[in-house]
Structures are given as structure tokens and as C-alpha cells.
Amino acid sequence: MKKIYGIGLGPGDEELITMKAYNLIKACDYIFVPKSKGKSLAKSIVSKYTSEKNIIELDFSMGEDNTAKYEDAAQKINSIVKDQQIAVYLTIGDPMVYSTYIYLMYELQKFNIQVETVPGIASFNAAACCLNIPITIKDESFYLCDRNVDEKILQAVDSICILKVNQNKRDIINKLEKHHFSYVYIKRCMQEEQEIIYDKNQILLDDDYMSLIFARKKLMNHHNLI
Ligand SMILES: C[S@@+](CC[C@H](N)C(=O)[O-])C[C@H]1O[C@@H](n2cnc3c(N)ncnc32)[C@H](O)[C@@H]1O
């Protein structure tokens, strides 16, 4: 039976991948990565112990029919990988968090390819650690979303992380301020280009896709966390 490992690479620091991921990537026959417009972050994280030779890029660029792209990618993987070979698919952060991998995984399963998913450190997890801000403490709840913030949910939680914020930061920040959250913007977390920005105007000026906003309800145990 054919098998592929969907591997989470973490936020970008090459040391923040699991031993399991490292061992599989070193031992594998094929490495599949999503094709990127610029420099591939996934490729650069593993570049020290991989050869360009066995890296195969899959094109998921947005088009008319995204489902067809995942079907095509699964078909390509199925035609390349043979039984007993080790194939990996690399993805940033954790594979089960807003990842293209999820759609690919379902298509691969239709080909009867066995899929094993290796967790990675998700961006919101890395951001909280980088900022020394707890995601949750006892009795608290946390809201993870992308792009849009639902105000009803926001009112009910203690902390929130919003991914893919580059399109509508103003709306997100306005909602956070309305509900008395203090917030911080972090881009390229755990990468060389990492920046942490607290000032609203400066946050609004930035336009990096690899960014998120982490926020907490203002005072907690008499400490303003952000
Ligand atoms: C397609 S989602 C992938 C999420 C990823 N699977 C995860 O576990 O975090 C892409 C979004 O993740 C966030 N992201 C991923 N890595 C990041 C990093 N190192 N720093 C800041 N944001 C990051 C950004 O919000 C970006 O728009």
C-alpha cells in the first residue's frame, strides 16, 4: 500500500520541527511541497538535510476550480510514489490548522493512499510563546479564526488569535478595541524577519501574509499582559 506522511514544519525556525519529522524527511524518497510564488519557506526550513533532486512542487495557486487542483495533485503523487517508498508532504505550522494539506489529504485517501499526519507547532502556539503570553489559563477559553472575527464569540472568550489578517486588519482591530481586548501583531514569527508591532497605525501599514494578531481581554490578575 502507498503511504504519505503529511508533516507540520512549525513556524519557520528550523530547530522547531519534531524529531519524527526530521527523521522522515531525511529518510524519504520524495518530498512534496506546495509551489510558492517567491522563496519557499517549507523548502528553506529543511534545506540543510534535503536535496533539490527529490523535491516535487505541487501547484495549488488559486484558480477557477480548487477541487480540481487537489485532485490533480493527489493523482500526481499517486503516479510517482510506489509501494514501500517513503513520501512526505511538507506544510507550515501544524497540518490540521487552516492548511491546504487538509484538502489534499482527503483526495489522497480517495486513491487509497495511506496518510499519516505528523503534528507541527502552529503559528498561534509559536506566537504565544514568543510573546510570553498565555493562550489560556484555568477556566479560560480561546478563539482561533482566520480573516473574520465573530463578535458574539469574541465576547465569550478570554483570548483570540486571528490568522490571515493581511486583508482586513482595520476591521479586526476595531472589533478588538470595541470589546476591550489588547492586541499585538506578529509577523514571520520565529523567522529571521520576525517583527512584533503594538502600534495600531504601524500594524495597519504592514502587509505581510505571514502575520497574525494575538489578543487578550485587557486586565488579568492585575497585570496588563500586552
Ligand atoms: C494557510 S495558514 C497556515 C496555518 C498553519 N498551518 C499553522 O499551523 O499556523 C497561513 C497563515 O498562518 C499564519 N502563519 C503561519 N506561520 C506564521 C508565522 N511564522 N508567523 C506569523 N503568522 C504565521 C499567518 O496568519 C498566515 O496567513
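**Sheet and pockets**

Author: Three bridges connect strand β2 (residues 30-34) with strand β4 (residues 87-91), and the two run parallel. Two strands count as paired if DSSP finds at least two bridges between them. Helices (H or I, at least four residues) and strands (E, at least two) are DSSP runs, numbered from the N terminus. This is a predicted model, in which local features need pLDDT of at least 70 and side-chain atom pairs count only at pLDDT 80 or more, while totals for chains, interfaces and linings use all residues. Residues are numbered from 1 along each chain as its sequence is written, and side-chain values use heavy atoms, with hydrogens and water left out.

Reader: Which residue in β4 is the bridge partner of Y30?

Author: The partner of Y30 is A87.

Reader: In what order do the five strands of the open sheet lie?

Author: The order is β3-β2-β4-β1-β5, with parallel pairing. At the edges are β3 (55-58) and β5 (114-118), each of which pairs on one side only. Neighbouring strands of this sheet are turned by 25 degrees against each other on average, direction ignored.

Reader: Which strands does helix α3 lie across?

Author: Axes are lines fitted to C-alpha atoms, for helices over the stretch in contact (heavy atoms within 4.5 Å); angles run from 0 to 180 degrees between N-to-C directions. Helix α3 (residues 66-80) lies across β1 (3-8), β2 and β3, running at about 155 degrees to β3. Helix α4 (residues 100-110) also packs on the sheet, where it touches β1, β3, β4 and β5, and its direction makes about 155 degrees with that of β5.

Reader: What is the volume of the largest pocket?

Author: On a 1 Å grid over the protein atoms alone, a pocket is an open set of points where a 1.4 Å probe fits, with protein on both sides within 12 Å along at least five of seven lines; lining residues have an atom within 4 Å of a point. A volume is the space filled by probe spheres set on the points, which are joined across faces, edges and corners. The largest pocket has about 1,600 Å³. Its lining has 40 residues, and Y98, T100, K164, Y209 and M210 lie nearest its centre.

Reader: Which domains supply at least three residues each to that lining of the largest pocket?

Author: Domain 1 (3-118) and domain 2 (123-224) do, with bounds from an automatic or database domain assignment.
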